[in-house]
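Thanks for making the time this morning. I would like to walk you through one model, so please have a look at it on the screen before I go on.

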Amino acid sequence: MTNKRPSGRSILANFGSFAKPETSPDSSSPPVGADAPNQIPARVGAGVIGATQRSLAELRGERDRLQALVDAGGGSELDPSSIDPSPFPDRLPDDSQVDFEALKKLIAEEGQKVPIQVRRHPTVSGRYQVVYGHRRWRAALDLGIKVKATVVALSDSELVVAQGIENAARQDLSWIERALFAWRMDQAGIKARDIRAALSVDDPELARLRAVCRAVPVEVIEAIGRAPKAGRPRWGALATAIGEDSAALDRVQKTLSGDKVSELTSDDRFKLVFAAVKQPSARSQSELELRSSAGKVLGKATFAKGDIKLTVAEEHATGFGAFLEEELPGLVERFFAREGSE
């Protein structure tokens, strides 16, 4: 039987059905042998079940507490010039300002409907930091009007989790924006458990997010941009290529500094960078001998100005020709997948 995950529900919401309070062994429990045809005898130790239920209850309680902070009502009208962005940026600039300009026009004509959320600046008296609502804050700043805001008391850890909850509701952060968010939290000393909660990820995914930001310099990521179509596999491949080829990063930086590159969309910039790191190193010879790991010679390949020529030993020519004809379509698909082409 195939189990399907219900759509539109968070992992913690799904946990809810397993986190019901334990039933104490009192007189309300059915006697042994009572008519209960659908009951299945427990096969897991009570200690394990109890620990799991407590853990799930703690997760749900923390989620609900932070959700309440996100949903906090009320608010004030603040001077937007007294507000700073979140100390943990989670967004890269959009390729187009059209959506922001539309939002600004809507606020100018109809007013700000939804307040932003801020906390008091932890070190500067009289200033605030955005928890979420950066675009509404920027719009008010540009328009020269006060911004409606809810002021909450949050620690750094609570701020990033609340920020993550709000982002999860929109689900529009690109993969690399999530990686940068994780990296900035790491740099600020946020605990791994709070980073996982902010991004709703497990340990393996957090490790992948961190690995990309270790291999690809932040200034390169920022120069590329959001690249919403370039997901985890392509960013992972880019990080691996840069890590394996000491000259790859120079090619990337040269590519990003080219004329009119900044005018491209972030996805197109990523494609250019991905192609740059995949460029083969200059060969000292134009010929490559083809042989098996056991030393059996098949022939040779000659590379010259984009031309590729295969010369195969006579005894293998027929068999290798048939093999190559069968494998070439798959090789073509793998090539374009690696290059980032559709």
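This is a predicted model: local features need pLDDT of at least 70, side-chain atom pairs count only at pLDDT 80 or more; totals for chains, interfaces and linings use all residues.

Let me begin with helix H3, residues 98-110, whose 13 residues reach 18 Å from the first C-alpha to the last, close to the 18 Å expected at 1.5 Å a residue. Phe-100, Leu-103, Lys-104 and Ile-107 are buried in this helix, and, seen down the axis of H3, the buried residues fall within an arc of 100°, so they line one face of the helix. On the other side of H3 we find Val-98, Lys-105 and Glu-109, which are exposed. The cover over the buried residues of H3 includes helix H4, residues 134-143, and, staying with Phe-100, we see Arg-138 over the face of its ring, at 4.0 Å from the ring centre. Just after H3, Gly-111 takes a positive phi of about 85°.

Now to the rings, where the structure holds three aromatic pairs. In one of them, Phe-270 and Phe-274 have ring centres 5.6 Å apart and planes at 20°, and since planes under 30 degrees apart count as stacked, the pair is stacked. Both residues lie in helix H12, residues 266-277, four residues apart, about one turn of the helix. Phe-270 is buried at 2% relative accessibility, and Phe-274 is buried with a relative accessible area of 2%. The rings of Phe-320 and Phe-323, by contrast, have their centres 6.1 Å apart and their planes at 35°, so that pair is tilted. Finally, Trp-235, Phe-270 and Phe-274 form one aromatic cluster.

Key. Residues are numbered from 1 along each chain as its sequence is written. Side-chain values use heavy atoms; hydrogens and water are left out. Helices (H or I, at least four residues) and strands (E, at least two) are DSSP runs, numbered from the N terminus. The expected span of a helix is 1.5 Å times one less than its number of residues. Buried means under 20% relative accessible area, exposed over 50%, partly exposed in between (1.4 Å probe, protein chains only). The arc is that of the directions from the helix axis to the C-beta atoms. Contact means heavy atoms within 4.5 Å. Rings of Phe, Tyr and Trp (its six-membered ring) pair if their centres lie within 6.5 Å; planes under 30 degrees apart count as stacked, over 60 as edge-to-face and the rest as tilted. A charge sits over a ring if NZ of Lys or CZ of Arg is within 6 Å of the ring centre and within 35 degrees of the ring normal.
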